[in-house]
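Student: Please zoom in on a single part for me, the nonpolar core and what surrounds it. I'd like the cut-offs along the way.

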Amino acid sequence: MPDRRSRSVDVPRDVDLRLPRAPGVIRRFWARHPLFADILIALVTLTLSVGPATGGLPPGQGGSATALPSGVVLVAAVTASAALLLRRRFPVAVAAVATAASAGMMLAPSPGSAPLLMVALYAVPVYRGTRVAWICWAGAGAVLIALASAGVLLGGASPADLSNIVITSLGSSLIGVLVGINVGNRKRYVEAIIDRSRQLLVERDQQAQLAAAAERARIAREMHDIVSHSLTVVVALAEGATATDDPERARRATAQISDTARDALREMRAMLGVLRDGAPDAPLAAVDDDPVAAPVAAARRAGFPVTVQLAGAYPESAAVRRALARIVQESLTNAMRHAPHTTGIDVVIATTASETTVTVSNDGVTGAPNAGGHGIQGLRERADHVGGTLEAGPAERGRWRVHARLPQEPQPPSTPEDE
């Protein structure tokens with residue numbers, strides 16, 4: 001059985017989801033102008049990096065053997081500052097460029113540090129994730145520590161100066177990572193809430209559409225059962241009244257037509273009243289204590305020989321009795337429509353402690369019952385609605401048979417996932 005929780009839901013991004021405005025004028029301004037914010041951050045970072053990149057040595061002192069020219073360090077600082085404009089799309093690559101620029105500043109004639117690494121590593125947890133941010137921070141720390149050690153061992157640089165630069169760079173970048181983790185987690189949390197809200201809106205619309213479709217099907221079944229059965233009886237009575245030469249028999253048939261039409265009109269009015277004023281799940285038609293008496297009597301009035309065999313009592317559940325009544329009614333309607341010369345229609349109802357079975361069979365079938373209609377489909381839907389089953393098809397000796405099994409109490413309808 002497939003797991004319903006594993007299904008992916010395609011949520012459109014243009015769902016009409018009304019979100020509150022971001023608090024604060026400044027925050028809303030930054031949210032509307034991200035490029036302007038990135039340019040401003042890059043300019044501020046470049047301004048703070050120019051000094052360490054171009055600073056010369058004090059008079060009378062010489063640089064270390066591994067010192068890079070100031071121009072090379074300046075180019076690295078400018079490149080890293082410009083790369084900050086791409087930190088939203090390529091945060092890891094920008095962090096690598098910032099690490100290289102920070103390493104170059106350590107090898108400048110006058111070693112120093114800049115906020116390049118802090119700003120670059122701040123963007124990694126925000127736009128990529130916490131795990132990637134810690135990997136980048138550890139990698140940057142390893143590079144700076146390795147270069148500082150090499151500078152002390154090979155170039156005779158001041159261990160105190162390089163240690164202070166490494167500690168300052170790693171400390172400031174650690175602050176950037178921690179702040180970025182906080183901002184990134186909050187950003188992803190808000191995005192998850194918004195995405196879930198979109199899913200709920202889509203599910204709400206889907207549930208409304210399913211409920212509307214189910215209600216239309218329910219109304220269609222009731223309309224079909226009432227109109228189809230009543231018109232079939234009316235047609236049979238009218239044909240009988242037309243075919244007879246006995247005025248008295250024609251008069252009785254006409255009276256029965258009037259009674260049948262009046263009963264159908266009463267049922268239609270009752271159903272429309274429930275639709276207008278009743279609850280959404282209210283039954284559209286009342287059910288009698290003897291649910292098959294009315295359709296059997298109508299078929300007999302139309303001149304069809306109907307026999308009923310009842311073993312046990314009718315189900316106590318009103319929903320099951322209603323399904324039983326509609327199954328018998330539609331089966332009789334199909335028999336009258338497709339077997340006008342039948343010699344007998346047998347209705348057998350048997351009730352046990354667990355279920356009620358009903359079988360309607362007849363001979364004289366001249367065509368495929370329910371051809372192009374929805375009668376048998378509606379019967380199956382009625383049986384399935386209370387948790388039962390229904391089979392309909394040809395039987396032995398040219399008879400047509402409808403057989404349904406209904407539980408004593410309504411059960412949830414079967415679904416494809418349950419099979």
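Tutor: A nonpolar core here is a set of buried Ala, Val, Leu, Ile, Met, Phe, Trp, Tyr and Cys residues joined through side-chain atoms within 4.5 Å; buried means under 20% relative accessible area, exposed over 50%, and partly exposed in between (1.4 Å probe, protein chains only). Keep in mind that this is a predicted model, where local features need pLDDT of at least 70 and side-chain atom pairs count only at pLDDT 80 or more, while totals for chains, interfaces and linings use all residues. Residues are numbered from 1 along each chain as its sequence is written, and side-chain values use heavy atoms, with hydrogens and water left out.

On that basis the largest nonpolar core has 35 residues, and Val 306, Leu 324, Ile 327, Leu 332, Val 358 and Leu 406 have the most contacts inside it. At least two residues each come from α7 (159-243), α9 (293-301), α10, β2, β3, α11 (375-385) and β5; these labels are DSSP runs numbered from the N terminus, helices being H or I with at least four residues and strands E with at least two. Helix α10 gives the largest share, 8 residues.

Take Leu 324: beyond its neighbours within four places in sequence, its contacts (heavy atoms within 4.5 Å) are Pro 291, Val 292, Tyr 314, Pro 315, Ile 349, Val 358 and Leu 406. A second, separate core has 32 residues, among them Val 73, Ala 80, Ala 108 and Ala 140.

Now for the sheet. It is open, with 5 strands in the order β1-β2-β3-β5-β4 and mixed pairing; strands pair if DSSP finds at least two bridges between them. Strands β1 (306-311) and β4 are the edges: each has a single partner strand, so one side of each lacks a neighbour in the sheet. Ignoring direction, neighbouring strands are turned by 10 degrees against each other on average. Antiparallel strands β3 (residues 355-362) and β5 (residues 400-407) are joined by 8 bridges, and Thr 357 sits opposite Arg 405 in β5. Helix α10 (residues 318-338) packs on this sheet, touching β1, β2 (345-351), β3, β4 and β5, and its direction makes about 175 degrees with that of β5; axes are lines fitted to C-alpha atoms, for helices over the stretch in contact, and angles run from 0 to 180 degrees between N-to-C directions.

Over on β4 (residues 389-394) you'll find Thr 389, which is partly exposed because its relative accessibility is 49%. Leaving out residues up to four places away in sequence, Thr 389 touches Ala 383, His 403, Ala 404 and Arg 405.
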